[in-house]
Amino acid sequence: MSDYARPTGSQPIEMTDMREVHRTGDNGTSQRASSITTDDDEEESDALPTDPFEPFADVEPATGSILTFRALLVGCFCGTLVNASNLYLGLKAGWTDSANIFGSIIGFAVLQPLTSYLSSLGYDSQHFGPQENNIVQTAATAAGGLSNVFVSAIPALYQLGLLTTPSKDFTRLVAITAAGGYFGLLSAAPCIAQVFHLSSGKRTPAYLSFVVATAVTIRGMHLAASGAYEARQKMRTLAYSFVFAMLLRIVSQYAIGILWDWHIFTWVASTGFMADTAMAIESWGWYVEWTPAFIGSGMLVGMNVAASFVLGSILAWGVIGPYLVSHGLAFGKEAASPDGLISYFSLSAEFADAQHPSPRYWLLWPGVVCMIAAAFTELFCQWRVMWIATRGLWQALKTRRKKDYAYTSIGGEKNLANENNIRLWMWLPGLVVTIAVTCFITSVQFEMSVAETLLALTLAFLLSLLAIHASGATDTVPLSSLSKVTQVVLGGTTQGSASIESAQRLNLLGGALTNIGANQACDLMGDFRVGFLLGTSPRLQYAAQMIGTLVAALVAPTMFLIFASAYPCILSTEETGEGGDHQCEFPAPSVAAWRAIVLAVTRPESPIPQSSWVFSIVMAVLASVMVLVKNLFTGKWTSIQPYYPNMVIVAMAFTLPSTQYGTAMLIGAVIASVWKKKRPEGFEKYAYAVAAGAMAGEGIGGVVNAILSGIGLDGGTFGTTVGTP
């Protein structure tokens, strides 16, 4: 979701870049309200109408203070769990998740019964309403963020030898993460009200489908009679899913080939039947992995995205890759295995070269270029929305309006009450201080000049605005594509004017600031949209976001330190996914893409194979044409829309040499499709809980595995490799 995308509460590409996948209009996220329970034992399903442009008219208004210590505590705890989970998922496949649904359900399930229990004991406990639930979700979203750069830009800095070790660099990692997070938050805040004013007045689609799902989930739980039954059921479902996924991830490491990875072609080869062919297919990474996180992701993103991912994997690792090797355009190396395996996924210096590329390195460029072309063509197709929003924002700034639009009323009327506005003093002084502190940090800790830092922050701000508008116009958050734009611009400004090391450090840090800033800006807009629908004060949400960001700035570097200590291969190009004796468990595809871009724009000679460059142009043109056709014609032929490939996801598969994730997502999408068709009421109530629990559970299981590995109790020491090549 880091850069790839986030389903429901996740954000694609590179799958950190998958934050752009989970937030797609095709993600299959339902926007119907949850069913109402008439009592604790009997339920009846009522479809509540949902208009994403108007606040819900049937939500009770807030009573008393909603920015409570209990809401912040539960929200930050949920966000911490998701943050830890995201480090695992991001390093595994570049995919990150959001804490929206997770925080919403946990918040209700914990605080609603607690409030009732304290009241029954005679304590004066404040009523827990949907607005306070929204504060829990907002704090969870903020605390669960900022992990993107730790599965992309930061590891790339280590792989290029531009930093020392995570333990020695911990303080400056916290500092730059906090600075980037607060810059994105403070710089985006004054733009949000104008975006909402335009989206409400013009009814432009400035919302994300997963945001509506979050608001509907909160509303449904609070509308249910007493809310108790539905909350218990959802919480129980989420807990079962979470515990199952966590235990499976922990236990499976001791029998990886039985409980986790099914190497079907290795099994076939062991029988002697077509052994050479079977091992050749195995060498390209075709096997099944029973990963709850990606099965859950498939349930959220839907059939179109999952099928597009599998299609991209087939093209890259089943057609184009073998063709390249057979024609001498790319090369593999023999793995340290008696089974005759060949590794085609190396990114070591020997195979990351224009003259002697691995298939993974060759295909990386068409994938990245295609994703950027598809993302920006999609934005071009939404030029009317972008123009309306940009013109309105400029007019607002030019006339210096004293009143900001708030959206705290129920029933769709705009509320301009000053007590709920985000005023100038709430963001401008903090922004000035943050810019000054960021310049100091980058100068002292990373040897960047003030001019370079200001350029990077300017790009981060402008591209954050683009991300806000893009997410509303296209239901996609193109974090990775926008970060690549920063890398290319900064690469052009430093060409020939700085040392290679300085240019690379500036490039990655500048891209990281854009990534963090755009992530925070889009999260803020998403949280405000949920608040808009539920009638929550934006000022209080803003405060919750500020607190949650501080938690994230401490948690994300800590989780990265744990993983880097347990798996040092994350910081090295020699061991990451090379297929040797010490193959790294984390291929870190986002890191590879970031590192490749920085090498391309800072080297005096082109590191891209000519054939790869030509194919990249072809893929970019094809992607642009496909997006144009989708926007111009498929609206008239709605029957073909579900079957039309998502070119961002197809291209993303080119950068991710792990076909098992696409397969797992397709399994999840099929499960969701059958479930929704056979039991629509059960799907509406429990699908989000199952998916959110599975994703968070596997991530936490990965954290536990990292700790076990650090103390020598992991599967590599006590497990068996039966069933694996």
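**Exercise 1. Is A564 buried or exposed in this predicted model, and what does A564 touch?**

Step 1. Take the relative accessibility of A564, which is 6%. Buried means under 20%. A564 therefore counts as buried.

Step 2. A564 sits in helix α18, which covers residues 538–566.

Step 3. List the contacts. Set aside the neighbours within four places in sequence; A564 is then in contact with P166, I570 and L571.

Step 4. Look along the chain. G710 is 146 residues away from A564, yet their C-alpha atoms are separated by 9.9 Å.

**Exercise 2. Find the residues that form the nonpolar patch on the surface, and say which helix gives the most.**

Step 1. Name the members. The patch is formed by V243, L247, V251, I258, L259 and V722. Together they have about 490 Å² of accessible area.

Step 2. Sort them by element. Two elements give two or more residues: α7 (228–252) and α8 (256–259).

Step 3. Pick the main contributor. With three residues, α7 gives the most to the patch.

Step 4. Check one member. L247 lies in α7. Its relative accessible area is 43%.

**Exercise 3. Describe how helices α1 and α2 cross.**

Step 1. Locate the pair. Helix α1 holds residues 69–93, and helix α2 holds residues 100–120.

Step 2. The crossing of α1 and α2 is right-handed.

Step 3. Name the residues in contact. From α1 they are R70, A71, V74, C78, L81 and V82. From α2 they are F102, G103, I106, G107, V110, L111 and T115.

**Exercise 4. Examine the phi angles of L146 and M274. Then decide for each residue: buried or partly exposed?**

Step 1. Recall the background. Most residues other than glycine have a negative phi.

Step 2. Read the angles. L146 is not a glycine, but its phi is positive, about 70 degrees. M274 is not a glycine either, and its phi is positive at about 50 degrees.

Step 3. L146 is in the loop between α3 (130–143) and α4 (153–159). M274 is in the loop between α9 (264–270) and α10 (275–283).

Step 4. L146 has 2% relative accessibility, so L146 counts as buried. M274 has a relative accessible area of 47%, so M274 is partly exposed.

Technical notes:
Residues numbered from 1 in each chain as written. Predicted model: local features only at pLDDT ≥ 70, side-chain atom pairs only at ≥ 80, totals over all residues. Heavy atoms only, no water. Helix = DSSP H or I, 4+ residues; strand = E, 2+ residues; numbered from the N terminus. Buried < 20%, exposed > 50% of the residue type's maximum accessible area, 1.4 Å probe, protein only. Contact = heavy atoms within 4.5 Å. Patch = residues over 30% accessible without salt bridge, like charges linked within 9 Å, V, L, I, M, F, W, Y side chains within 5 Å. Areas by Shrake-Rupley, 256 points an atom, 1.4 Å probe, with all protein chains shown as cover. Salt bridge = Lys/Arg side-chain N within 4 Å of Asp/Glu carboxyl O. Axes fitted to C-alpha atoms, helices over the stretch in contact; angles between N-to-C directions. Left-handed = near helix turned anticlockwise from the far one by under 90°.
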